[in-house]
Amino acid sequence: MNAGKRALLLVAHGSRLPEANTEVAELTNRLREVSGDRYEIVTHAFLEIAKPDIPTGIDVCVAQGAAQLWVLPYFLAAGRHVRDDVPALLDQARERHPDVLINLCTHLGAEASLPELLLQLAEGGSA
């Protein structure tokens, strides 16, 4: 593996509603701002419906010099997409980019702090 950049790829489902996809892009921008020097590349991709798709998102990260890639599923439940579809796409990407370490992060819904965040939202506060 080369000593290239660290990348974070936020992966969402994708929507026919442009404003929903824009929301993911805006979240990606906020992630980029707060990530500091943890990731030199922060971008997003969609499983279906919207562009860029996950393979393209991975290829863009690699083209920008990523040697290590963390794929963060922005999904609440460990359904078929989290359990099967995203891992299968990452396996294909590992074949295309054998010199890149591609890591699959835990999906959002499995995060231990999520219940506290939901309570904060219910109480009208922000995290």
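This is a predicted model: local features need pLDDT of at least 70, side-chain atom pairs count only at pLDDT 80 or more; totals for chains, interfaces and linings use all residues.

Student: How much space lies in the largest pocket?
Tutor: Rolling a probe the size of a water molecule over the atoms shows where empty space is left. For the largest pocket, that space is about 580 Å³.

Student: Which residues lie closest to the centre of the largest pocket?
Tutor: The lining of this pocket has 20 residues. By class, 13 of them are nonpolar, 3 polar and 4 charged. Strand 1 (5–12), helix 1 (18–34), strand 3 (66–73) and helix 4 (114–122) each give at least two residues to the lining. The closest to the centre are Leu27, Leu31, Leu72, Tyr74 and Leu108.

Student: Which element gives the largest share of the largest nonpolar core?
Tutor: This core has 20 residues, and those with the most contacts inside it include Ile54 and Ile102. Two or more residues come from each of strand 1, strand 2 (41–46), helix 2, strand 3 and helix 3 (80–96). The largest share is 5 residues, from helix 3.

Student: Which residues does Ile102 touch, leaving aside those up to four places away in sequence?
Tutor: Ile102 is among the residues with the most contacts inside the largest nonpolar core. With those sequence neighbours set aside, Ile102 touches Ile58, Leu69, Val71, Leu90, Ala93 and Arg94.

Student: Is Val60 buried, partly exposed or exposed?
Tutor: Val60 belongs to helix 2 (residues 54–63). Its relative accessible area is 35%. Buried means under 20% and exposed over 50%, so Val60 is partly exposed.

How values were computed
Residues are numbered from 1 along each chain as its sequence is written. Side-chain values use heavy atoms; hydrogens and water are left out. On a 1 Å grid over the protein atoms alone, a cavity is a set of points where a 1.4 Å probe fits but cannot get out, and a pocket is an open set with protein on both sides within 12 Å along at least five of seven lines; lining residues have an atom within 4 Å of a point. Grid points are joined across faces, edges and corners, and a volume is the space filled by probe spheres set on the points. Helices (H or I, at least four residues) and strands (E, at least two) are DSSP runs, numbered from the N terminus. Ala, Val, Leu, Ile, Met, Phe, Trp, Tyr, Cys and Pro count as nonpolar, Asp, Glu, Lys and Arg as charged, and the others, Gly among them, as polar. Buried means under 20% relative accessible area, exposed over 50%, partly exposed in between (1.4 Å probe, protein chains only). A nonpolar core is a set of buried Ala, Val, Leu, Ile, Met, Phe, Trp, Tyr and Cys residues joined through side-chain atoms within 4.5 Å. Contact means heavy atoms within 4.5 Å.
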